[in-house]
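Please open the model in your viewer and keep the selection tool at hand.

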Amino acid sequence: MNSKNRFILINLLAFEFVLLNIVLVAYLFFAHPEFSFSNPLFLANFIKLFVIYNLSWLFVILYIRDNEFYFNPDYRYLKSLLTSLFFFVGIVTTMIVVLKITYFRRTTYIIPIFIFSYLALVGTKFLMKFLKKKASHLFSNTLLIGAKYGDENLIGFTNAMTQYGYNIMGYLEGKNVKSENKLDLNIFSDLKSLPNVLNNNSIDEIFIDMSSLKREKIMEAVKIADEFGVRVKLIPENPLLMSKNYKAVTMGDLAVFKLRQSPLDNFNLTILKRLFDFLFSLVVLILFSPIFLVIGILIYIDNRGPIFYTPYRKGEANRTFKCYKFRTMSVCEDVMNGTKSTEVNDPRITRVGKWLRKADLDELPQFFNVLKGEMSVIGPRPHRIHLQNDMRNSVKNYMVRSYVKPGITGWAQVNGWRGPTKTVEQKNERVNHDLWYIENWSLWLDIKIIYMTIFGGHHKKAF
């Protein structure tokens, strides 16, 4: 972090601490009419609260918040704010219990935190916008070197940079200077002019597009920047051309980009999802065991034969597994190589099978697959081997679905994309919804999908 960004950060932190104490004093004044610093007992407890609130908030800022909290333009800002609020409440509550502060009502300890958090959310964002508009000189002046990417990429980049406290002054284009400057930025000729540019302009940082320069040129630019005491950041070949979600890691001396990152690539979150799947499926199997027995008896009485139908399906990492279902047909295809889909008024469907399919009860045995770890409660629906081979040849990025375990129900199903996949739209929408789920997974999203599956009257149930 350079000195200008640090200065902005200090001002934002000062604003928050002032706001925090104003909210605390104001709330005490209105919540306690006896508010008076001349009261020794009141003063002593107020000082304790003052210290607890400020130290707790300082701890949250130093150890809980995201490193770029104020410069986060996307959803991570709200996520970081909610995490901060959770820890702030927890720390304050714990310290009040430990120090045995009982002078004030209980609500006095918590309500000011929520008032402060809301005002801070609005206030800091407003302050950032104000600083960008009225005090842009406080933001870091940045020079972009290299211009392999087109105007669309550069416009998105420059807009994002302003959210992080940077002013892009212009760029050096290397060999070619564009005749049309859609970005309205200064073009400082080629790399040879870099010493003059740094000497005649106040530049705080340089961003170098590595994809448009040879290694020798990059090293030369870094050397020149070091001579002028200017920080350098490198922009590698843009992985966003291949995926929206990626993560950069360092392996040895090289930077490696992990493409198509999912929250489920996090080991802790994977354990959380597996634990949820195991407990949820165990509860369902126990509660529905009498229904399983009744359904099994009805299937056997209606059409003598096996209770379960176990076709082979494709799952995580393209592994094949037996998918458990209640048998709903009098004649079942080859469980491995079957290709014939169910049709409207299919004569193979039994009387009991028709009722089971209508209520989606034929899918209940798949909770055994969840218990075994072959499936998840929520995820992309597993497809027949024949259908998968067809889909992977006709739908872009179809096999990315296999990054995670298939589910009994999923985001595509609760949004109406279930059943036949005959048209191009049906295929694409189902896959697009599955990919969105993989990239945006959260436990709350799983719970939401379960709720929509059970109570979503305008959608067919997938269980």
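Select R401 first: in this predicted model, this residue is buried, with a relative accessible area of 7%.

Next, select K325, E363 and R381. Salt bridges that share partners join these residues into one network.

Which side chains meet at 2.7 Å, N to O, in a salt bridge? Select K273 and D446 to see them. K273 lies in helix α8 (residues 267-287) and D446 in helix α15 (residues 443-455), so the pair ties together parts that are 173 residues apart in sequence. Both K273 and D446 are buried.

For another pair, select R319 and E316, whose side chains form a salt bridge of 3.8 Å, N to O. Is R319 buried or exposed? R319 is exposed, at 52% relative accessibility, whereas E316 is partly exposed, with a relative accessible area of 25%. A search of the whole structure finds 10 salt bridges.

Turn now to helix packing. Two packed helices are described by the angle between their axes and the distance between the axes. Select helix α9 (residues 289-302) and helix α10 (residues 351-358): their axes come within 8 Å and cross at roughly 145°. To view the contact itself, display I295, L298, I299 and D302 in α9 together with R351, V352 and L356 in α10. These contact residues comprise 5 nonpolar, no polar and 2 charged.

Move to the surface and select I47, F50, V51, L55, L58, F59, L62 and Y63. Together they form a nonpolar patch with about 780 Å² of accessible area. One of them, L62, is located in helix α2 (residues 40-64) and is exposed, with a relative accessible area of 56%.

Finally, select the whole protein chain, which has 15 helices and 13 strands. Of its 463 residues, 42% are buried. The chain exposes about 26,200 Å², of which carbon and sulfur atoms supply 61%. Among contacts between residues at least 6 apart in sequence, 70% join residues at least 24 apart.

Methods. Residues are numbered from 1 along each chain as its sequence is written. This is a predicted model: local features need pLDDT of at least 70, side-chain atom pairs count only at pLDDT 80 or more; totals for chains, interfaces and linings use all residues. Side-chain values use heavy atoms; hydrogens and water are left out. Patches are made of residues with over 30% relative accessible area and no salt bridge: like charges are joined within 9 Å, nonpolar side chains (Val, Leu, Ile, Met, Phe, Trp, Tyr) within 5 Å. Accessible areas come from the Shrake-Rupley method with a 1.4 Å probe; for residues, only the protein chains shown count as cover. A salt bridge is a side-chain nitrogen of Lys or Arg within 4 Å of a carboxyl oxygen of Asp or Glu. Helices (H or I, at least four residues) and strands (E, at least two) are DSSP runs, numbered from the N terminus. Buried means under 20% relative accessible area, exposed over 50%, partly exposed in between (1.4 Å probe, protein chains only). Axes are lines fitted to C-alpha atoms, for helices over the stretch in contact, and angles run from 0 to 180 degrees between N-to-C directions. Contact means heavy atoms within 4.5 Å. Ala, Val, Leu, Ile, Met, Phe, Trp, Tyr, Cys and Pro count as nonpolar, Asp, Glu, Lys and Arg as charged, and the others, Gly among them, as polar.
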